[in-house]
Amino acid sequence: MIRLVTFDFWDTLVTDSADNLRAQRALRVTAIRRALHAAGAAVTEVEAEEVHERSGVLLAERFWSQNRDPSREEQLRIVLDTSAPGIAARLTPAAFEAALDAYISPVLAHPPDLSPGAARAVRELASRGVRLGIVSNTGRTPGVILRKVLERYGLLGYFGAISYSDEVGVRKPDAEIFRVTLARAGVEASEAVHIGDNPDADVVGARSIGMRAAHYTAGFRPPAAQADLIIPDLGMLPDEVFRVASKPAGE
């Protein structure tokens, strides 16, 4: 019996556009520039853009490539200190909080769209008594903001066990983020299905702990060979989840 379905967030529950991503980046660069100015470092827009890019490389090397994630506060300190070591410490607590809010919130000004069929899949699974969760890596936008996106779409209340990597400190495909989610839901791995777009983070990650894995291809991604389910359309998910429940994991 499948008691829990967990969703990836980006490119599964929601889909963003290139225009949105550019607009979000521009707002974040402005937030970095204003924060550095408040700390006593007057930088140009080009210099702020360089800080944004160099800090992304640093975050990837130090954390993301190691399947780890800093908190949103630590991430902002790392970003600002990319400009000059220790500069983040020059901000007053109030100035740091204002900078943090500006840095993490561009997605709220330019929100992603719900993926086709996502709302229907969530509501149908819930109506059938299946618990729902989220297991998702974050980048520049933390879980606290992604919850607000789901709230705007009227879906947040459907999800019980939510694990965003900046809050757990661990990124997919590391088994720990799945383990934490299962514990929060009170469900065994054999009773759970995870769906996501990434063959490694979502499919390999979920299967490594004994969960079934559904690969969301959106009709154009090559299907992951290791997936228990291939889902080109999220509207298929509720029926497919109950179909796979009759088979042992891995078959």
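Which element gives the most to the lining of the largest pocket? The legends below take up this question with other close-up views. The model is predicted, with local features requiring pLDDT of at least 70 and side-chain atom pairs counted only at pLDDT 80 or more, while totals for chains, interfaces and linings use all residues. Residues are numbered from 1 along each chain as its sequence is written, and side-chain values use heavy atoms, with hydrogens and water left out.

**View 1. The largest pocket and its lining.** The largest pocket holds about 400 Å³ of space, and α1 gives the most to its lining, with 4 residues. Helices (H or I, at least four residues) and strands (E, at least two) are DSSP runs, numbered from the N terminus. On a 1 Å grid over the protein atoms alone, a pocket is an open set of points with protein on both sides within 12 Å along at least five of seven lines, a cavity is a set of points where a 1.4 Å probe fits but cannot get out, and lining residues have an atom within 4 Å of a point. Grid points are joined across faces, edges and corners, and a volume is the space filled by probe spheres set on the points. Of the 14 residues that line the largest pocket, Trp10, Leu21, Gln24, Gly139 and Arg140 are the closest to its centre. By class, this lining divides into 4 nonpolar, 4 polar and 6 charged residues, where Ala, Val, Leu, Ile, Met, Phe, Trp, Tyr, Cys and Pro count as nonpolar, Asp, Glu, Lys and Arg as charged, and the others, Gly among them, as polar.

View 2. The volume of the second largest pocket is about 180 Å³, and its lining consists of Asp8, Trp10, Asp11, Ser136, Asn137, Lys172, Asp197, Asn198, Ala201 and Asp202. By class, 2 of these lining residues are nonpolar, 3 polar and 5 charged.

**View 3. The largest cavity.** The structure holds 1 cavity of 30 Å³ or more, and the volume of the largest cavity is about 50 Å³. Its lining is formed by Asp69, Pro70, Arg72, Gln75, Tyr103, Thr138, Gly139, Arg140, Thr141, Pro142 and Asp166, which divide by class into 3 nonpolar, 4 polar and 4 charged residues.

**View 4. Salt bridges between charged side chains.** A salt bridge is a side-chain nitrogen of Lys or Arg within 4 Å of a carboxyl oxygen of Asp or Glu, and by this rule the count comes to 14 salt bridges. One of them joins the side chains of Glu53 and Arg25, at 2.8 Å from N to O; this pair links distant parts of the chain, with Glu53 in helix α2 (residues 45–62) and Arg25 in helix α1 (residues 18–38), 28 residues apart. Relative accessible area sets the burial classes, with buried under 20%, exposed over 50% and partly exposed in between (1.4 Å probe, protein chains only). Glu53 is partly exposed at 42% relative accessibility, and Arg25 is partly exposed at 28%. A salt bridge also joins Glu73 and Arg72, at 3.8 Å from N to O, where Glu73 is partly exposed at 24% and Arg72 is partly exposed at 27%.

View 5. The side chains of Glu240 and Arg243 meet in a salt bridge of 2.9 Å, N to O. Both residues lie in helix α11 (residues 237–244), 3 residues apart, about one turn of the helix. An α-helix has 3.6 residues a turn, so residues three or four places apart point the same way. Glu240 counts as buried at 18% relative accessibility, whereas Arg243 is partly exposed at 38%. Elsewhere, salt bridges that share partners join Asp8, Lys172 and Asp202 into one network.

View 6. In helix α6 (residues 118–127), the buried residues are Ala118, Ala119, Ala121, Val122 and Leu125. Seen down the axis of α6, these residues fall within an arc of 165°, so they line one face of the helix; the arc is that of the directions from the helix axis to the C-beta atoms. Arg120 and Ser127 are exposed on the other side of α6. The cover over the buried residues of α6 includes β1 (4–7), β3 (113–114), β4 (131–136) and α11, with contact meaning heavy atoms within 4.5 Å. Just after α6, Gly129 takes a positive phi of about 85°.
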